[in-house]
Structure formats: structure tokens, C-alpha cells
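This briefing goes through one protein model, from its overall make-up to single side-chain pairs. Please keep the structure in view while reading the points below.

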Amino acid sequence: IPYAIITFMYAAWWSRCFMIYIGRKFLLKNKVLLRVIAVAFVVVLIESCICSLALAAAPALGESLITAPAAMRLDRGTGRVLYAKNIDKQLAPASTTKLMTAVLALEHCQLTDEVTVGNEVQLSGTRMGLKPGDTVTVETLLYGMFLVSGNDAAEALGVHISGSREKFAELMNQKAQELGMENSHFVNACGKDAEGHMVTVRDMA
């Protein structure tokens with residue numbers, strides 16, 4: 001509640017300063033326009049106050065509100081962990097794996113590079129619809145990987161970069177070590193469940 005009051009007072013002070021400036025500079029001869037702007041500012045102030053009150057009244061993170069098996073809230077400025085739940089538990093990363101694939105694609109490829117895909121795109125799960133022999137750009141594969149979570153696009157990028165799925169998995173794990181992801185291990189580029197394919201919330205944060 002005190003935060004909401006402070007926010008309201010701060011916004012009101014700046015609004016008053018702005019209104020005085022505008023009134024003196026431009027609107028002395030147009031009182032109707034000045035009144036319209038004044039009303040608009042009052043509406044904005046009321047909305048900001050309501051939002052601040054809602055935020056102040058919102059419940060803090062608690063176990064009853066977090067249904068995920070693992071979660072973490074981190075202050076990026078200080079690195080302080082604000083909330084932690086099973087942050088070192090190894091879990092299947094599913095399609096968040098594609099974040100690592102994208103990082104490596106941007107490091108090792110140009111967006112305009114052309115990729116002719118092979119049998120690596122013949123797999124189950126969500127796909128962008130690639131067929132062996134198709135030629136597309138790296139940029140198109142990135143779009144396909146993220147917009148429709150295309151497993152075929154991810155695997156095509158991996159093979160293009162490293163020559164095989166296995167070699168790309170090695171590259172992923174090298175990058176993970178560079179990033180300090182000590183308890184994570186990658187087996188494929190798309191995130192399909194596989195033995196040994198796992199990450200932790202702390203590593204992903």
C-alpha cells in the first residue's frame with residue numbers, strides 16, 4: 001500500500017509540472033484543449049494508482065501457487081535467488097532445448113546460409129513440414145523452430161552445423177559447460193525425451 005501511495009504522488013507531481021509547462025507554453029489561449037489534457041492526466045493517474053494497489057495486494061509466491069515441478073525467481077541485477085523450488089533437480093527440458101540450438105546456429109551460421117536437409121527431418125512430434133531434399137535458409141529454419149516448435153527444423157540445423165546429430169550434441173554440451181550449466185546434458189537438438197537429456201532450473205536461469 002505505501003508503494004502505491006508513493007507511485008501516485010510521484011506521478012501526480014510530474015503531471016503537475018508538465019501541465020504547468022504546457023499551459024504556459026502552448027495552451028493559454030485554448031482552455032478547452034487544456035481541460036481535455038487535464039482530464040486525460042487524471043484518468044492515467046487513477047489507473048496507475050489502481051494498478052499499484054493491485055500489485056501491492058498480490059500474494060507473494062508460495063508453494064501453493066507454483067504447480068511446476070521446479071521453479072526459480074532470480075534478481076538479475078544482484079543474482080540473488082528470490083524463490084527456489086527443486087532448482088537443482090534434473091528434468092527433461094522438452095522444447096526449451098531449442099534455445100541452445102538457436103544460440104549455436106547464430107554463432108556458427110549466417111541467416112542467409114542455405115541448408116539442404118536430409119533424413120534427419122523425418123521424426124515425430126511438432127514439425128514445420130520439411131522433407132528430405134528441401135533447401136531452405138537458416139533464417140527459415142529458425143522461424144520454423146520457434147513459431148511452430150519444429151523438431152525437424154532443429155535437427156536440420158544441428159546436422160548442418162556439425163555434420164551429424166551426435167556431433168551437434170557434443171557441441172551443445174561444450175557450450176553448456178562454457179555457460180556454467182554444470183548439471184545439464186544434451187542428447188539432441190530438438191528436445192525429444194531421451195536418456196541423458198536433462199537440464200536444471202538453475203542452469204537454465
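A residue is called buried here when its relative accessible area is under 20%, exposed when that value is over 50%, and partly exposed in between. With that cut-off, buried residues make up 33% of the 205 residues in the protein. The model is a predicted one, and the points that follow should be read with this in mind.

**Overall make-up**

- The protein holds seven helices and four strands, and from the N terminus on these elements follow the order α-α-β-β-α-β-β-α-α-α-α.
- When contacts between residues at least 6 apart in sequence are considered, 51% of them join residues that are at least 24 apart.
- The protein exposes about 12800 Å², and carbon and sulfur atoms supply 61% of that area.

- Helix H3 covers residues 97–108, and because its twelve residues at 1.5 Å each should span 16 Å, the 17 Å between its end C-alpha atoms agrees with expectation.
- The buried residues of H3 include Thr 97, Lys 98, Met 100, Thr 101, Ala 102, Leu 104 and Ala 105, and what covers the buried residues of this helix includes helix H4 (138–147), helix H5 (151–162) and helix H6 (165–178).
- Leu 99, which also has its place in helix H3, is partly exposed, with a relative accessible area of 47%.
- Together with Phe 146 and Met 204, Leu 99 forms a nonpolar patch on the surface, and the accessible area of these three residues together is about 280 Å².

**Salt bridges**

- Side chains of opposite charge can pair when their charged atoms come close. With a cut-off of 4 Å between a side-chain nitrogen of Lys or Arg and a carboxyl oxygen of Asp or Glu, the count comes to five salt bridges.
- One of these joins the side chains of Lys 175 and Glu 107, at 2.6 Å from N to O; the pair links distant parts of the chain, since Lys 175 is in helix H6 and Glu 107 in helix H3, 68 residues apart.
- Glu 178 is exposed, with a relative accessible area of 61%, and salt bridges that share partners join Glu 107, Lys 175 and Glu 178 into one network.
- A further salt bridge is formed by the side chains of Asp 152 and Arg 127, at 3.7 Å from N to O; Asp 152 lies in helix H5 and Arg 127 in the loop between strand S3 (114–116) and strand S4 (135–137), so the pair ties together parts that are 25 residues apart in sequence.
- In this pair Asp 152 counts as buried, at 0% relative accessibility, while Arg 127 counts as partly exposed, at 33%.

Note on methods:
Residues numbered from 1 in each chain as written. Predicted model: local features only at pLDDT ≥ 70, side-chain atom pairs only at ≥ 80, totals over all residues. Heavy atoms only, no water. Helix = DSSP H or I, 4+ residues; strand = E, 2+ residues; numbered from the N terminus. Expected span 1.5 Å × (residues − 1). Buried < 20%, exposed > 50% of the residue type's maximum accessible area, 1.4 Å probe, protein only. Contact = heavy atoms within 4.5 Å. Areas by Shrake-Rupley, 256 points an atom, 1.4 Å probe, with all protein chains shown as cover. Patch = residues over 30% accessible without salt bridge, like charges linked within 9 Å, V, L, I, M, F, W, Y side chains within 5 Å.
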